[in-house]
Each structure stands twice: as C-alpha cells, then as structure tokens.
Amino acid sequence: MDAGDMDGDLAQVLITEEEIASRLDAMAAQIEADYADKDVLLVGVLKGAVYVMADLSRRLHRSVPMDWMAVSSYGSGTKSSGVVRILKDLDADLTGRHVLIVEDIIDSGLTLSWLAGNLSSRGAASVRIATLLRKPEALKVEVDVSYVGFDIPNEFVVGYGLDYAERYRNLSFIGTLRPEVYHH
Ligand code: PRP
C-alpha cells in the first residue's frame, strides 16, 4: 500500500521507498565486502524484519541461507525490562557460523542486545547486526550495530514491516500516523 491508500491516517512520510532502496544497495555492498571470504547466515526477527530481509538478501550476489526467530518480551508493559522470550527458535545450528541478524528497527536496544548475546552463546563464530532503522534517543543499552540504514527521531513510525496494532506493515515507505489514529 502507498500514501494514497492510507485513508488520511498518514501524518508524514519520513523515508521514501526510493531512499530505502538506495540505503539497502549501500548496506548490501558493505555486507558483501565484509563477508567476502566468509559464509554468512542471515537471521531475521519476525515479524517486522520480513521486508528488510527480502529486499536486503536479494541485493546480495550469492546464495545466502536465512533463518527466522520470533521473540517477545514478557507481558506488554514490560518491554523495557529486557527480558525476552523465544516464541519460535532457529532451525539452524549456529556452531562456527557467521551470523548476521537482520532487523527493521532498534528502539531501546533491549531486544537486540539480548538476542546478540543469546546467539553468541550458541557457539557462533561471529554475530553482527544490520538494521534499517535506529532511534539513538531511545537507546537504553549499548548495542554494537554494524550496518544501519537510517538514524531516526524518537517518534512512532510505521511501514515497511513496522506496524501499529498489526496494521500498516505493508506500506512501502516509513511514515508517521496522525494522532487521531491512536485514539479509536
Ligand atoms: C520490534 C523490532 C525489534 C524490537 C526493537 O519488534 O523488530 O525486534 O521491536 O525494540 P527494542 O530495541 O526496544 O528492543 P516488535 O516487538 O514490534 O515485534 P514485530 O516485529 O513482530 O512487530
């Protein structure tokens, strides 16, 4: 869906489809260079990372394996606790593998900080993170991110995988919603 399909819910386009595509080109080129002599396993975190994974992985000039995890913090009000529960684990054995976690957004950093530690502890040879978006002002823990698409302000954003109440994930750009949308 696009801006015209938003029924007036859109406040602002933050990052256009073209800007996303061009950053993904650059990120893919960097990843190719960094992993030139290594096999890499892409690990996506459901559900938001589906679009980034699809578009980033298709820019790599090699056949690359990918695997998926689903995680959730305990309870809805405790996201800031940093306690993460695995809802769907990886199929792959990580022993000796070079893992690249692919994410849509790093907000507080708690999920990714926990996840990177968890995957490292499984015997991966290396664990790096690629994220399309990062909110520097929202960070609560230091996360070592190797590939960042865009640093964005601490605003609620939707689109390109990011949802509000499971809506707007299939929007082709990143945008903000009008305040009224949250009030019904
Ligand atoms: C988002 C995102 C990360 C996490 C980042 O997922 O995909 O996994 O939040 O937030 P943090 O840095 O504050 O930990 P979300 O929980 O919205 O799930 P979803 O991808 O299924 O929408």
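Predicted model: local features only at pLDDT ≥ 70, side-chain atom pairs only at ≥ 80, totals over all residues.
Start at the ligand. Its shell holds 15 residues, and E103, D104, S108, G109 and T111 come nearest. The shell divides into seven charged, four polar and four nonpolar residues. Two elements, β5 (98-106) and α3 (110-120), each supply at least two residues of this shell. The most comes from β5, with four residues.

An oxygen atom of the ligand lies 2.5 Å from an N or O atom in the side chain of S108. The side chain of T111 also has an N or O atom 2.5 Å from a ligand oxygen. Taken alone, the ligand exposes 500 Å², and the protein buries 81% of that.

Stay with S108. This residue sits in the loop between β5 and α3. S108 has a relative accessible area of 13%, under the 20% cut-off, so S108 counts as buried. A polar atom of the S108 side chain also lies 3.2 Å from the backbone nitrogen of L110.

Next, the surface. L46, V50 and Y51 make a nonpolar patch of about 210 Å². V50 belongs to helix α2 (residues 50-57). Its relative accessible area is 34%, so V50 is partly exposed.

Turn to the charged pairs. Side chains of opposite charge can pair when their charged atoms come close. The model has 13 salt bridges. In one of them, the side chains of R59 and D25 meet at 2.6 Å, N to O. R59 lies in the loop between α2 and β3 (66-73) and D25 in helix α1 (residues 17-34), so this pair ties together parts that are 34 residues apart in sequence. Both partners are partly exposed: R59 has a relative accessible area of 23%, and D25 has 44%.

A salt bridge also joins the side chains of R169 and E166, at 2.9 Å, N to O. R169 counts as buried, at 16% relative accessibility, whereas E166 is partly exposed at 47%. This pair is part of a network of salt bridges that links K47, D163, E166 and R169.

One more pair is R178 and E180, whose side chains meet in a salt bridge of 2.9 Å, N to O. R178 is partly exposed at 38%, and E180 is partly exposed at 42%.

Terms used
Residues numbered from 1 in each chain as written. Heavy atoms only, no water. Near = heavy atom within 4 Å. Polar contact = N/O pair within 3.5 Å; in protein donor to acceptor, adjacent residues only side chain to side chain. Areas by Shrake-Rupley, 256 points an atom, 1.4 Å probe, with all protein chains shown as cover. Nonpolar A, V, L, I, M, F, W, Y, C, P; charged D, E, K, R; others polar. Patch = residues over 30% accessible without salt bridge, like charges linked within 9 Å, V, L, I, M, F, W, Y side chains within 5 Å. Salt bridge = Lys/Arg side-chain N within 4 Å of Asp/Glu carboxyl O. Buried < 20%, exposed > 50% of the residue type's maximum accessible area, 1.4 Å probe, protein only.
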